[in-house]
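Biologist: Could you walk me through this one? I'd like to go question by question.

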Number of protein chains: 2
Amino acid sequence: MVARNKQVRQQELTALIETEPFLTDEELAERFAVSVQTIRLDRLSLGIPELRERIKAVANNNYGKVRSLELTEVIGELIELDLNHLAISILEIGPEHVFTRTKIARGHHLFAQANSLAVSVIDAEVVLTGTADVRFTRQVKLGERLISKAVVADNREDRACVDVATKVGDDIVFEGQFVVFKNK
Amino acid sequence: MVARNKQVRQQELTALIETEPFLTDEELAERFAVSVQTIRLDRLSLGIPELRERIKAVANNNYGKVRSLELTEVIGELIELDLNHLAISILEIGPEHVFTRTKIARGHHLFAQANSLAVSVIDAEVVLTGTADVRFTRQVKLGERLISKAVVADNREDRACVDVATKVGDDIVFEGQFVVFKNK
């Protein structure tokens with residue numbers, strides 16, 4: 001019976017990662033009510049790369065589409081990009097992003113992820129930030145994974161308004177409205 | 001006459017740097033209508049350190065006063081700090097701060113200087129940014145020197161409102177209003 005369970009789980013795991021490629025091993029373990037170690041062994045035997053590699057693979061496909069920034073200038077991994085409409089990036093909070101004492105992420109890193117996303121979503125060679133109106137709605141801790149989504153709200157010839165929301169799991173941690181200018 | 005001029009100039013130079021310690025050699029050369037090389041030789045013979053060293057010397061005196069941040073967490077050099085009232089920092093835009101293609105400073109570095117200044121001016125152990133309303137009013141280029149000034153506009157038990165303005169020479173390049181929270 002164990003072997004049968006395993007086979008079913010591995011089929012379901014493959015299908016799940018296909019539809020939701022950015023689940024962590026911890027989240028997958030919870031979904032299947034097994035240990036993280038079991039998930040890792042499943043991934044190994046199925047040849048499914050670890051999350052970081054899955055993100056990078058998707059991101060690499062998107063960087064070619066960005067017009068306004070160089071590859072290394074996007075803060076976070078760009079996992080979705082539909083120029084002039086929508087962009088999504090993932091940023092994992094490492095020790096370089098947090099205050100030494102509190103291990104809380106510094107605001108300017110959340111700002112940088114959102115701002116570079118608001119710029120990269122625009123289909124123009126040179127895009128510069130004009131104004132930003134931002135709210136930090138909950139503290140972000142070391143090791144948390146920020147998923148930031150930028151939506152182009154208003155797009156004119158010389159400027160665009162981009163709404164960005166950043167989440168950790170289901171919690172919104174940052175919201176911002178950016179007005180960006182397209183330089184000729 | 002040349003020797004006499006030189007003596008007068010060197011006396012005036014010493015006095016000027018005493019009152020305005022953050023003038024560049026280029027600005028000093030302009031004030032005295034001499035070459036930058038002459039100013040450098042004057043400084044050398046008078047034992048006046050170069051601008052970078054003068055800034056660092058002043059900044060080192062201020063870091064000890066900051067309560068909310070570690071020394072290395074202030075973005076830029078803190079040249080003035082009057083807790084709960086006013087703080088000033090200087091940030092020189094280097095290659096690490098600009099877009100590769102345009103050599104224009106990236107917005108999040110201006111944001112980071114202003115945000116860390118708004119936090120360091122507050123007299124509390126833990127200070128976190130709540131909201132920020134910012135405007136980038138002119139492009140900043142590689143090599144420009146940002147002087148950022150934070151003024152505490154409203155200071156309550158649990159939060160404060162801090163106005164920050166950043167200039168390059170006489171031009172305002174960034175303005176921001178930050179609401180920061182004091183954590184118990």
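Biologist: How much area do chain B and chain A bury between them?

Modeller: This is a predicted model, where local features need pLDDT of at least 70, side-chain atom pairs count only at pLDDT 80 or more, and totals for chains, interfaces and linings use all residues. Residues are numbered from 1 along each chain as its sequence is written, chains are lettered from A and ligands numbered from 1 in the order in which they are written, and side-chain values use heavy atoms, leaving out hydrogens and water. Buried area is the accessible area (1.4 Å probe) that two parts lose on being put together, summed over both. Of what chain B and chain A bury, 52% is on carbon and sulfur atoms, and the total is about 2600 Å².

Biologist: How many residues does each chain bring to the contact?

Modeller: Contact means heavy atoms within 4.5 Å. Chain B brings 32 residues, and chain A brings 32 residues.

Biologist: Which element gives the largest share of chain B's side?

Modeller: Strands (E, at least two residues) and helices (H or I, at least four) are DSSP runs, numbered from the N terminus. On the side of chain B that touches chain A, H5 and S3 each supply at least two residues. The largest share, 10 residues, comes from S3(B).

Biologist: Which residue in S3(B) stands opposite Ala132(A)?

Modeller: S3(A) and S3(B) run antiparallel, joined by five bridges. Two strands count as paired if DSSP finds at least two bridges between them. Opposite Ala132(A) stands Val134(B).

Biologist: Which strands stand at the edges of the sheet, with a single partner strand each?

Modeller: The open sheet has 12 strands with antiparallel pairing, in the order S1(A)-S2(A)-S4(A)-S5(A)-S6(A)-S3(A)-S3(B)-S6(B)-S5(B)-S4(B)-S2(B)-S1(B). One side of each edge strand has no neighbour in the sheet, because each has just a single partner; these are S1 (77-82) of chain A and S1 (77-82) of chain B.

Biologist: Which residue is the bridge partner of Leu81(A)?

Modeller: S1(A) pairs with S2 (residues 86-92) of chain A over five bridges, in the antiparallel sense. In S2(A), the partner of Leu81(A) is Ala87(A).

Biologist: Which residue of chain B meets Glu125(A) in a salt bridge?

Modeller: A salt bridge is a side-chain nitrogen of Lys or Arg within 4 Å of a carboxyl oxygen of Asp or Glu. The rule finds two across the interface of chain B and chain A. In one of them, at 3.2 Å from N to O, the side chain of Glu125(A) meets that of Arg101(B).
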